[in-house]
Amino acid sequence: MTAVLITGAASGIGLAVAYRILNDGGHAVLLDTRPVDPDMLPPGSETRAILVEGSVTDPAACEYAVRAGIAAFGGLSGVSHNAGIQRYGTAADTDPELWNEVLSVNLTGAFNIARAALPQVLDARGAIVFMGSVQSLASQRNVAAYTASKHGLLGLVRSMAMDFAERGVRVNMVAPGAVQTPMLDWAVSLADAPDQVRDVLNGMHPLGRVARAEEVAAVVSFLLSDDASFITGETVRVDGGLLTQIAGTPKDPK
Ligand SMILES: NC(=O)c1ccc[n+]([C@@H]2O[C@H](COP(=O)([O-])OP(=O)(O)OC[C@H]3O[C@@H](n4cnc5c(N)ncnc54)[C@H](O)[C@@H]3O)[C@@H](O)[C@H]2O)c1
């Protein structure tokens, strides 16, 4: 039975993962600091979804969510960690509180949820998927804490993949480029000229647009499934070619 613990499930990519898993007939524990709107889930899936309010920064909340999954579904076969926050600053002007806030959600949160769910995932010989970013592999300017947290996930994925491969558990990461979600809307709204920023975001992806959350959820669903049975320790970019392109490549090939 597919039973996935999904963090950040109230919005954006996490919500799209929840929708995908439930729509495909799976079971899900949905953990978020905000309430998940049941109207956003597939009609008829209510009995297969458990909604838990809590923070991935709190190990007790993560353990509570796992217990809820055991009580409702008899166990968990997978984890999809999407909870994340974006904050801006260089190493010079990021204060330690902001640094700790970003690291505690994006990186320690991944550790907390994986640690809490591992006994179940080991029993199920299941899979874990962390939501990284192209900023797990490269960086923009002014995102020191975010990029450090997402690069940290790369190390966590690889070390967990090594530690649990022999026991049949796979651990992978998805690394999206820009994705149309409330987080992206918020980031764009900070700019002086949001429409121009949208054009730049679309244009910097060789496919000519940002991703839809469902396109990222499809890859998470694949990595959680048996179709990905020989993939572990991997980072799958879902970036419309963003990191494939050499910076400054002219659009017109002539
Ligand atoms: N949107 C993008 O362009 C983009 C690109 C690359 C990677 N990502 C990553 O994808 C993930 C999801 O981002 P999104 O764009 O869907 O953002 P979003 O803001 O739409 O959704 C994030 C969700 O995480 C929840 N959350 C935040 N802190 C939490 C905590 N401590 N505990 C539990 N839940 C918490 C929020 O309440 C929210 O529902 C993040 O890890 C983000 O870094 C997003």
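A salt bridge is a side-chain nitrogen of Lys or Arg within 4 Å of a carboxyl oxygen of Asp or Glu. Side chains of opposite charge can pair when their charged atoms come close. In the structure above, a search of the whole structure turns up six salt bridges.

This is a predicted model, in which local features need pLDDT of at least 70, side-chain atom pairs count only at pLDDT 80 or more, and totals for chains, interfaces and linings use all residues. Residues are numbered from 1 along each chain as its sequence is written, and side-chain values use heavy atoms, with hydrogens and water left out.

Let us start with Arg20, whose side chain meets that of Asp24 in a salt bridge of 2.9 Å, N to O. Arg20 has 33% relative accessibility, so it counts as partly exposed (buried means under 20% relative accessible area, exposed over 50%, partly exposed in between, with a 1.4 Å probe and protein chains only).

Next comes Arg87, which pairs with Glu101, their closest N and O atoms being 3.2 Å apart. Arg87 is partly exposed at 26%, and so is Glu101 at 32%.

Further along, Asp185 and Arg198 form a salt bridge with closest N and O atoms 2.6 Å apart. Finally, salt bridges with shared partners join Arg209, Arg212 and Glu215 into one network.
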